[in-house]
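I opened the model today to take notes.

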Amino acid sequence: MRSIHFFLDKINNSLKWKLISIIAGILLLTVSGIGVISYTKTAASVREDIDRLSVQVLKQANMNLDRYYSEYDMAFLMLGNSLEVREWLRLSASPISSEFIRYYDRIKENYLNRMFLQYPEILSVSLYKPGGGEHHFVNAHTLPLTYSLQDEPYFSQTGNYDKVKFITGFSDHYLDADSRSLRLPVLTLFKQFYGGYLKMDISLTASQKVMEQIHIVDSDSAVVMDEDGTIIHHSRPGEVMGRMDEHLVEKVKGKREGSFYDQTRNELIVYQTIPLTGWKIIAMLPYSQVAKSILYTRNMMIALAIGALAVSVVLTYFAASSITRRISGLRGTMKQMQYKNDFAIRAEVAGRDEVADLSKSFNNLLEHLEQSVADLTETRVLQHRAVISALQSQINSHFLYNTLETINSMAVIGRQPQIGLVAVSLSSMLRYTSNFKDDQVLLADEVRHVEHYLNIMKIRYKDELTYELQIPGELLEALCTKALLQPLVENSIKHTREETGAAVHIIVSAAAAADGRLHLTVRDNGPGFGEEVLARLIQEQADCRIMKPQATRVGLSNLIERLHMFYGGEAVIHFGNGSGGEGEGAVVELFLPLHIRSHV
């Protein structure tokens with residue numbers, strides 16, 4: 001624990017050890033990442049290769065076993081469908097006639113002798129006709145005289161099958177040369193022919209050799225089992241006629257072929273189905289053998305990673321020491337200056353790299369520090385003077401409002417209602433624009449502010465100024481930023497009445513746009529915007545989008561600036577002319593996010 005705290009203190013207090021730790025961490029993560037990815041890919045590749053090899057080996061074994069079973073099936077059917085067997089089954093065995101013996105000899109000569117010669121693994125062939133006799137032809141071993149096909153457990157359960165019935169199990173009926181009973185694993189082919197029965201027992205030794213040749217990895221095993229899980233063949237002969245694990249039987253039941261990892265046995269299982277019998281041939285590969293090369297690769301990679309990391313840390317230590325030596329010297333100089341406040345101290349400049357540039361910059365900092373302190377003192381004095389000047393130049397707003405109220409009162413006394421209206425409207429406008437507490441106002445307040453302005457302008461221009469306010473009642477509760485409409489109305493009056501002397505008509509309208517935004521429009525009947533003015537306004541909007549604000553802007557430029565600063569890209573302003581182009585009146589459209597106060 002102490003060593004860990006010591007190492008952490010080193011990292012916290014030393015740039016060198018931080019650098020070493022960072023590089024070592026990067027190397028560790030890099031090597032670990034490469035190792036994990038390589039191990040994962042290698043494991044998947046090896047398993048895929050093993051799986052592919054297993055499938056090929058099983059396919060070959062499957063073909064060999066299917067060939068064995070197909071040849072047995074064909075020979076069995078040829079014998080059962082032969083004329084000799086059919087005639088033998090037709091004849092009665094009692095009394096024994098010459099014709100009965102002739103067909104019996106023909107069966108032996110034409111079929112059985114050839115079958116025993118071609119397939120020495122055939123143990124016996126039995127012919128049985130209910131009520132008419134029974135004969136057994138044996139090859140390598142003998143059957144007791146008391147043996148009858150009726151004693152077989154499957155005899156009573158069989159009917160007239162369309163296909164040959166393949167039956168496996170141990171047989172205790174065969175005797176050796178000393179007449180001792182043998183327990184042999186046999187494959188029995190059984191079928192009913194023409195009212196009689198034909199049975200052929202085959203030793204599993206020939207097909208067992210196919211299983212013994214299956215070898216994929218060390219300690220693997222191969223099995224042929226029937227649908228019930230009885231082991232018909234096994235690469236270890238002692239397992240023949242045993243039982244497979246029930247969970248494995250359930251796993252492959254109903255499936256034709258495939259592979260999976262068995263966690264309970266820690267084995268890779270690959271299986272296929274033998275077409276003729278429907279039995280499963282299964283290869284069981286111990287995962288420890290499959291993964292042997294993977295584990296070797298993993299161990300080698302870990303060893304190489306540890307070695308590379310150790311060498312890298314040593315090299316990093318020396319490299320970091322050479323880099324941080326001058327940084328440590330610069331740090332010492334800084335601390336000395338901090339404690340002594342001596343501007344005459346200078347850092348040693350060596351080399352031409354970043355550390356040398358840093359030392360030069362520090363020395364320059366010391367050279368200019370005294371001047372900077374003097375400049376700071378002078379700046380504070382200037383700031384103090386500026387504050388005093390600003391305080392002295394401020395207008396007492398309360399005094400201004402009281403003065404306007406006095407003017408209004410004098411207008412009432414002097415029976416000059418227009419003077420009073422101007423004073424009240426101007427007072428309301430000043431109160432509205434000088435209130436900086438609220439960033440957003442209701443559209444109703446903004447319309448009221450425009451009406452105060454228009455009241456003043458109506459007194460000035462009388463009937464030469466007319467206007468319409470087309471504001472739906474449901475939008476009066478919409479929120480917007482302050483002083484949007486008044487600059488637009490003022491611009492219309494300025495460029496229509498004041499420049500041309502013509503009467504001006506202004507329409508201010510509001511609507512909810514189809515895309516859910518608040519649509520404000522101010523249009524007039526003046527000369528409209530010129531091409532140069534439109535180009536300038538478009539450029540100013542572009543300047544705002546690329547963050548080129550100018551605090552000195554007024555009028556429409558000021559409006560563009562404020563819209564961008566308050567709404568960002570959510571607000572859109574369009575400048576244009578009436579449907580006839582220039583000379584058909586100016587049209588300014590504002591699109592703002594629509595927020596109703598009751599919904600906010």
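In what order do the 5 strands of the open sheet stand? I read off β2-β1-β5-β4-β3, with antiparallel pairing. This is a predicted model, and I kept that in mind throughout.

Next I looked at the edges. β2 (133-138) and β3 (165-171) stand there. Each has a single partner strand, so one side of each is left without a neighbour in the sheet.

I then followed β2 to its partner. Strand β1 (residues 122-129) pairs with β2 in the antiparallel sense, over 6 bridges.

I moved on to H449. I located H449 in helix α12 (residues 443-461). Is H449 buried or exposed? Its relative accessible area is 2%, so I noted H449 as buried, the cut-off being under 20%. I listed its contacts, leaving aside neighbours within four places in sequence: M429, Y432, T433 and Q486.

Last, I checked confidence. The chain averages a pLDDT of 78, and 78% of the residues score at least 70. I flagged residues 386-396, where the pLDDT is below 50. Beyond near neighbours in sequence, I found 0 contacts for this stretch in the model.

Methods: Residues are numbered from 1 along each chain as its sequence is written. This is a predicted model: local features need pLDDT of at least 70, side-chain atom pairs count only at pLDDT 80 or more; totals for chains, interfaces and linings use all residues. Side-chain values use heavy atoms; hydrogens and water are left out. Helices (H or I, at least four residues) and strands (E, at least two) are DSSP runs, numbered from the N terminus. Buried means under 20% relative accessible area, exposed over 50%, partly exposed in between (1.4 Å probe, protein chains only). Contact means heavy atoms within 4.5 Å. Two strands pair if DSSP finds at least two bridges between them. pLDDT is the predictor's confidence in each residue, from 0 to 100.
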